[in-house]
Amino acid sequence: MRISDDRYSRDRLRLDIAMHFIRFEARTHTTRQWTGLTDDRIRKLYRAYLQDGGRRVARHRGKSPRQSAFFMRTARLRQEAAALASICCLLGLLDGGTGARPAAGVTRAAALCQAYETYRSLVSMPAISFEHAVLLVETLARGQELRCGGCPDCGVLLVTDPYALHPARCVRCAEGEAADNPAPARHRSRTAQLAGSAQP
Ligand SMILES: [Zn+2]
């Protein structure tokens, strides 16, 4: 009995997570990959969700984003990627360099939903879509194109490019240096108020 109870709750959890993926506008193959449900079951779930009066969500077709360079493109994206990566480390999705074994299977999918939900609640206009969050987690887990690293000055977690010529620094430290050196200190980034750079 115990085994079937466990299987039942795992199945419920899988469906619940798939609903989160649908609301986050994940592509069907992403939902399949992370929940183990079949395409047919995901489609039925989506239809049932609409019939229950669920908000119509965009269903994206085609391939998921694959360019990890996206997260390095602007200061805002670098900062939001760092915030999301920090949450993922806290929730056990990434080891963050500690060597701890990251969550696997459906637990990992549940942690991803929780991480994305938390990120969205912290950032007023999120620049990272759920599909991009999936890309970030997968890229950081591989640890090749991007890695979790620390700001060399204050140690705050950053998403870094291992091939970058200069070590990455957080916005606050970079701006602190700019303040000591008046020439480039003309602008204060709007993103400076985001996670990882809050004023003490
Ligand atoms: Zn710093």
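Predicted model: local features only at pLDDT ≥ 70, side-chain atom pairs only at ≥ 80, totals over all residues.
1. Ground rules. Local features need pLDDT of at least 70, side-chain atom pairs count only at pLDDT 80 or more, and totals for chains, interfaces and linings use all residues. Residues are numbered from 1 along each chain as its sequence is written.

2. Helix 2. This helix spans residues 28-35 (helices are DSSP runs of H or I, at least four residues; strands are runs of E, at least two; both are numbered from the N terminus). Thr 28, Thr 31, Trp 34 and Thr 35 are buried (20 or more other C-beta atoms, placed from the backbone, within 10 Å of the residue's own). They sit on the same side of helix 2, because their arc around the axis is only 140 degrees (taken from the directions from the helix axis to the C-beta atoms). Gly 36 comes just after, with a positive phi of about 80 degrees.

3. Core. The largest nonpolar core has 43 residues (buried Ala, Val, Leu, Ile, Met, Phe, Trp, Tyr and Cys joined through C-beta atoms within 7 Å). Leu 84 and Ala 85 have the most contacts inside it. Contributors of at least two residues each include helix 1 (2-23), helix 4 (75-90) and strand 2 (157-160).

4. Helix 6. Its 13 residues reach 19 Å from first C-alpha to last, close to the expected 18 Å (1.5 Å times one less than the number of residues). Among its buried residues are Phe 130, His 132 and Leu 136. Gly 143 follows helix 6, with a positive phi near 70 degrees.

Methods:
Buried ≥ 20, exposed ≤ 12 C-beta atoms within 10 Å, placed from the backbone.
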